Each structure stands twice: as C-alpha cells, then as structure tokens.
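Please open the model in your viewer and keep the sequence panel to hand. We will begin with the whole chain and then pick out individual residues.

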Amino acid sequence: MTAYFHTLAETVNDAVTAGDQEGKVICWNATAEGTYGIKRENILGRKIGEYFHVEDIVLHRILNEGCPGRDIA
C-alpha cells in the first residue's frame with residue numbers, strides 16, 4: 001500500500017506532502033521539491049514546521065481538525 005501511495009503521489013502534477021500525526025513529513029513528491037525548492041532527502045522525517053510557519057501549514061489543520069486537505073481556506 002505504501003509503494004502504491006508513493007507511486008500515485010509521483011504521478012500527479014500537484015505538490016504532494018503527507019505527514020504523520022506528529023507532523024513529520026513522510027511523503028514529498030518531485031513537484032513539491034520544485035515548488036518549494038526543498039529536496040526530499042532534506043525534509044523527509046523532519047517536522048514540517050521547521051520549513052514553514054505553522055499558521056501556513058494546511059497539514060496542521062488537517063491533524064487538529066480532522067478535515068480533508070482540499071479546499072481549505
């Protein structure tokens with residue numbers, strides 16, 4: 001299942017970021033690398049808040065509120 005998810009994340013044209021419940025990045029696709037200028041090997045396993053302001057991170061809202069990541073204003 002993990003391999004399938006990572007393959008799917010690489011085939012979409014959007015930046016895909018996934019994190020665990022602690023906010024550590026577990027998926028960062030090639031489009032995310034290009035969009036944010038952060039190499040995958042530098043961000044995987046690190047807390048997303050080390051790279052972005054917490055208030056700007058949709059992932060934190062998903063974890064805290066349990067809502068999906070699309071269409072969050």
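The tour below goes from the overall fold to two selected residues.

Before you click, note that this is a predicted model, where local features need pLDDT of at least 70, side-chain atom pairs count only at pLDDT 80 or more, and totals for chains, interfaces and linings use all residues. Residues are numbered from 1 along each chain as its sequence is written, and side-chain values use heavy atoms, with hydrogens and water left out.

**Whole chain.** Show the cartoon: the protein has four helices and two strands, running α-β-β-α-α-α from the N terminus. Helices (H or I, at least four residues) and strands (E, at least two) are DSSP runs, numbered from the N terminus. Of the 73 residues, 21% count as buried, meaning under 20% relative accessible area (1.4 Å probe, protein chains only).

**Asn29.** Select Asn29 next, in the loop between strand E2 (25-28) and helix H2 (30-36). Is Asn29 buried or exposed? Asn29 is buried, at a relative accessible area of 0%. Show its surroundings: leaving aside residues up to four places away in sequence, Asn29 touches Ala9, Glu10, Val12, Asp14, Ala15, Val16 and Arg40. Contact here means heavy atoms within 4.5 Å.

**Thr35.** Move on to helix H2, where you will find Thr35. Its side chain reaches the backbone oxygen of Thr31 at 2.8 Å.

Methods: Buried < 20%, exposed > 50% of the residue type's maximum accessible area, 1.4 Å probe, protein only. Polar contact = N/O pair within 3.5 Å; in protein donor to acceptor, adjacent residues only side chain to side chain.
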